[in-house]
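Visitor: Hi, could you walk me through this one? I'd like to start with the ligand site.

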Amino acid sequence: MRVRGAPLIGVAAAYGVSLALRADPSDASLGAALVTLGATRPTAVNLRWALERMAGVLRPAAPADRAGRAYAEAAAMAEEDVDVCRRLGEHGERLLQGAWEAAGGDRPLNVLTHCNAGWLATVDWGTALAPVYRAHEAGMPVHVWVDETRPRNQGLLTAWELAQHGVPHTVVVDNAGGLLMRRGQVDLCLVGTDRTTRAGEVANKIGTYLKALAARDNRVPFYVAAPSSSIDWTLADGAAIPIEERDRAELGYDPAVPAINPAFDVTPASLVTALVTERGVCEASEAGLRRLFPEE
Ligand code: MRU
């Protein structure tokens with residue numbers, strides 16, 4: 001958890017491979033680094049995506065060349081992540097602009113987000129927060145409801161980021177979203193994703209699914225910012241996504257209290273209004289994703 005957030009986990013792991021090869025560029029060292037780093041977090045598919053890309057470049061390379069090539073590939077990945085998030089932000093900004101105009105354009109747009117999907121979770125910009133930053137910089141009044149995101153409180157990272165940019169925001173406990181939506185205080189939800197299946201099912205921080213259910217009941221659009229590095233083309237069914245079970249000590253209860261601590265949940269595609277990717281906005285479905293990513 002020193003490094004967290006799906007895109008950042010992937011890029012940091014790529015640099016991790018580069019460090020391992022600087023110490024020892026042998027096949028055995030490469031294999032061990034891939035296995036060790038690959039076992040750190042199970043849900044964010046960006047980790048597998050990054051390690052497979054590193055393995056593809058490094059396995060055929062001569063050991064003497066590996067450290068340099070690994071660093072170059074990790075650096076390329078970092079630069080690409082910035083570009084992907086910037087482009088995702090452009091597409092998402094148009095959605096926010098449309099929602100603001102549809103709401104009359106005479107008051108701030110209220111966006112609810114969960115967890116932290118900003119620049120602390122990526123190399124720069126963020127995923128779900130990139131459209132917010134762009135809209136804010138373009139002069140659109142926007143206010144963000146920030147879910148606290150128990151038990152690790154990643155919402156406080158989001159609040160800190162938004163404060164750095166001067167974006168108005170309010171932290172709420174995780175269970176407040178339903179009340180806010182019923183009161184008409186949320187115009188749209190915008191969250192990140194750790195793994196989106198090719199059918200548009202979305203694994204994200206625990207509690208995301210409940211927000212999507214509340215959003216559907218209140219006719220609040222529910223958008224997911226999904227860079228291509230977070231799309232798992234090998235899976236259609238969200239139930240097959242491995243859900244990280246974290247130490248119950250994070251919950252802060254007496255050890256005698258029976259408790260579990262699953263860190264992610266899966267939101268079905270039917271509850272997702274649209275996916276926002278670096279190539280545009282699409283329906284949360286296999287057809288929608290394949291239209292934007294035909295090469296997959
Ligand atoms: O456990 P974390 O903090 O790594 O979980 C992060 C999230 O759930 C984010 O919403 C997700 O990675 C998208 S970040 C761009």
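This is a predicted model: local features need pLDDT of at least 70, side-chain atom pairs count only at pLDDT 80 or more; totals for chains, interfaces and linings use all residues.

Visitor: How many residues surround the ligand?

Guide: There are 19, and the closest are Arg 4, Arg 41, Gln 154, Asn 204 and Lys 205. Being near here means having a heavy atom within 4 Å.

Visitor: What does that shell look like by class?

Guide: Seven nonpolar, eight polar and four charged residues. In this scheme Ala, Val, Leu, Ile, Met, Phe, Trp, Tyr, Cys and Pro are nonpolar, Asp, Glu, Lys and Arg are charged, and the others, Gly among them, are polar. Helix α1 (6-23) and strand β6 (202-205) each supply at least two shell residues; helices (H or I, at least four residues) and strands (E, at least two) are DSSP runs, numbered from the N terminus.

Visitor: Which polar side-chain atoms lie 2.7 Å from a ligand oxygen?

Guide: One belongs to Asn 204 and another to Lys 205. The protein covers 100% of the 410 Å² of accessible area that the ligand has on its own (Shrake-Rupley method, 1.4 Å probe).

Visitor: Nice. Changing topic: is Asp 147 buried or exposed?

Guide: Asp 147 is buried, because its relative accessibility is 0%; buried means under 20%, exposed over 50%, and partly exposed in between (1.4 Å probe, protein chains only). Asp 147 lies in strand β2 (residues 142-147).

Visitor: And what does the Asp 147 side chain contact?

Guide: The side chain of His 114, in a polar contact at 2.8 Å. Such a contact is a pair of N or O atoms within 3.5 Å; within protein, one must be able to donate a hydrogen and the other to accept it, and residues adjacent in sequence count only if both atoms are side-chain atoms.

Visitor: Where is Pro 151?

Guide: Pro 151 is in the loop between β2 and α6 (154-165), and a cis peptide bond joins Arg 150 to Pro 151, with omega about 0°.

Visitor: What is phi for Thr 149?

Guide: Near 70°, a positive value in a residue other than glycine. Most residues other than glycine have a negative phi, and most peptide bonds are trans.

Methods. Residues are numbered from 1 along each chain as its sequence is written. Side-chain values use heavy atoms; hydrogens and water are left out.
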